[in-house]
Amino acid sequence: MNKRALITGISGQDGYYLSKFLVEKGYEVFGLIRRNSNNPFYRFEDNIDLWEKINVIYGNMRDVESLNRALVISKPDEIYNLAALSDVGVSFECPTETMEINYHGVGKLISEAQRLFPKSRFYQASTSEMFGRTNPPQNEESFFLPVSPYAEAKLRAHTDYIVGYRKNHNYYSSSGILFNHESPKRGEKFVTRKITLSLAKVKAGLQNYVQLGNLDAKRDWGFAGDYVEAMWLILQQENPDDYVISTGVSHSVRDFVNISAKVLGMKLTWSGQGENEQATDGEGNVVVKVNPKFYRPNEVHDLLGDSAKAKKILGWEPKTSFEELVEMMVESDKKYAEYLKGLAENR
Ligand SMILES: NC(=O)c1ccc[n+]([C@@H]2O[C@H](COP(=O)([O-])OP(=O)(O)OC[C@H]3O[C@@H](n4cnc5c(N)ncnc54)[C@H](OP(=O)(O)O)[C@@H]3O)[C@@H](O)[C@H]2O)c1
């Protein structure tokens with residue numbers, strides 16, 4: 001019989017890639033979707049066949065009855081909890097909602113899962129943001145020093161519910177401590193996608209420049225399509241555990257801008273410093289500006305993962321390089337910007 005998986009957050013970036021991966025493996029996939037989700041379908045718009053294979057269940061991480069119903073309907077062998085308020089910047093503005101979804105929501109789901117299906121396996125989307133200010137490289141032994149409401153809530157969920165249910169309730173609960181992972185399906189407000197989409201729009205003549213925050217922030221960026229395989233591998237192990245998933249290479253936001261511009265055939269020249277730093281294109285137009293509005297109240301300066309444990313135990317390694325990732329995102333946004341331009345011209 002086919003395995004059954006329940007994915008929360010299926011309308012998100014990782015929900016798309018994970019459902020694709022599991023459907024290809026022959027799983028019956030159930031996806032929890034918020035009734036008031038903006039456009040739950042939009043990440044699947046270019047893959048309608050996949051969307052039609054997913055069993056959609058409406059529910060909300062804040063509503064235990066809906067989680068109970070989702071579990072009863074899906075009868076899952078594996079549960080992938082991807083749902084979250086996932087924008088670190090927004091979490092500073094909505095700390096209570098962040099705690100409700102990213103911490104209490106996990107408690108509601110895991111307690112019902114353990115009660116109704118004690119043999120099920122639970123994957124939690126933990127995050128490198130939990131390491132916060134800890135010096136890189138970060139691995140499973142590193143200290144957690146979270147600096148945002150997002151990271152605080154994720155860390156509490158990780159400790160109380162994932163490690164807690166594993167140790168205290170003998171329940172199979174594992175986590176992937178994933179470093180940043182991106183794709184053409186990344187939300188448009190996240191810095192990587194903001195860069196690729198904005199520069200593609202600049203190139204298409206749809207906007208003049210992109211405004212960014214801290215250009216020196218460094219992240220370990222991988223491809224979401226590679227990372228969902230690690231999620232699955234984590235739940236295939238005999239014993240539950242936690243794994244850092246990363247590429248082991250970090251780049252600055254400025255690096256991301258430079259490679260994006262190169263793929264678009266734009267030659268950037270940087271000048272100024274701090275809030276006055278900017279980049280002009282070959283024709284002297286300012287195409288990148290710094291706006292302190294996009295600085296985080298408390299910034300994590302450098303995240304760089306060490307995934308030696310995942311490599312050794314899961315046999316997992318990233319397949320996509322940083323340059324390939326940026327190129328993939330830019331090429332996709334180039335097409336999207338051209339499409340938007342066509343719409344604007346035909347209006
Ligand atoms: N991408 C990364 O770099 C990264 C790194 C480490 C960890 N993570 C974690 O991995 C998970 C997946 O990330 P992602 O990049 O795919 O995030 P994403 O694109 O922002 O997706 C988040 C998903 O959570 C859903 N959601 C939010 N609040 C909910 C609620 N109250 N009830 C039910 N669903 C809710 C959203 O649904 P709507 O469509 O209704 O908004 C969306 O489907 C998240 O937990 C994130 O925190 C991500």
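Hello everyone, let me start with a pair of helices: α7 and α11 cross in a right-handed way, where right-handed has the near helix turned clockwise from the far one by less than a right angle, and left-handed has it turned anticlockwise. What you see above is a predicted model, in which local features need pLDDT of at least 70, side-chain atom pairs count only at pLDDT 80 or more, and totals for chains, interfaces and linings use all residues. Residues are numbered from 1 along each chain as its sequence is written, and side-chain values use heavy atoms, with hydrogens and water left out.

Back to that pair. Helix α7 covers residues 191–203 and helix α11 residues 322–345; their axes come within 8 Å and cross at roughly 45°. That angle makes α7 oblique to α11. Here helices are DSSP runs of H or I with at least four residues, strands are runs of E with at least two, and both are numbered from the N terminus. The axes are lines fitted to C-alpha atoms, for helices over the stretch in contact, with angles from 0 to 180 degrees between N-to-C directions. Under 35 degrees counts as roughly parallel, over 145 as roughly antiparallel, 65 to 115 as roughly perpendicular, and the rest as oblique.

Now, how do α5 and α6 lie to each other? The axes of α5 (residues 95–116) and α6 come within 8 Å, crossing at roughly 15°, and the two helices are therefore roughly parallel. Here too the crossing is right-handed. On to α3, residues 64–74: it packs against α5 at about 40°, with the axes 10 Å apart, so α3 and α5 are oblique to each other. Their crossing is right-handed as well.

Let's move to the ligand. Which residues come nearest to it? Of the 25 around it, they are S11, S37, S86, Y150 and K154; being near means having a heavy atom within 4 Å. That shell divides into nine nonpolar, 11 polar and five charged residues, with Ala, Val, Leu, Ile, Met, Phe, Trp, Tyr, Cys and Pro taken as nonpolar, Asp, Glu, Lys and Arg as charged, and the others, Gly among them, as polar.

For distances, a backbone N or O atom of D14 sits 2.8 Å from a ligand oxygen. A polar backbone atom of L82 is also 2.8 Å from an oxygen atom of the ligand, and for K154 a polar side-chain atom lies 2.8 Å from a ligand oxygen. The ligand alone exposes 900 Å², and the protein buries 90% of that, by the Shrake-Rupley method with a 1.4 Å probe. Elements giving two or more residues to the shell are α1 (13–24), β5 (121–127) and α6 (149–168); β5 has the largest share, three residues.

Two backbone details to finish. P136 and P137 are joined by a cis peptide bond, omega about -5°, and P137 is in the loop between β5 and α6. K75, not a glycine, has a positive phi near 40°; look for K75 in the loop between α3 and β4 (78–81). For context, most residues other than glycine have a negative phi, and most peptide bonds are trans.

Methods
Polar contact = N/O pair within 3.5 Å; in protein donor to acceptor, adjacent residues only side chain to side chain.
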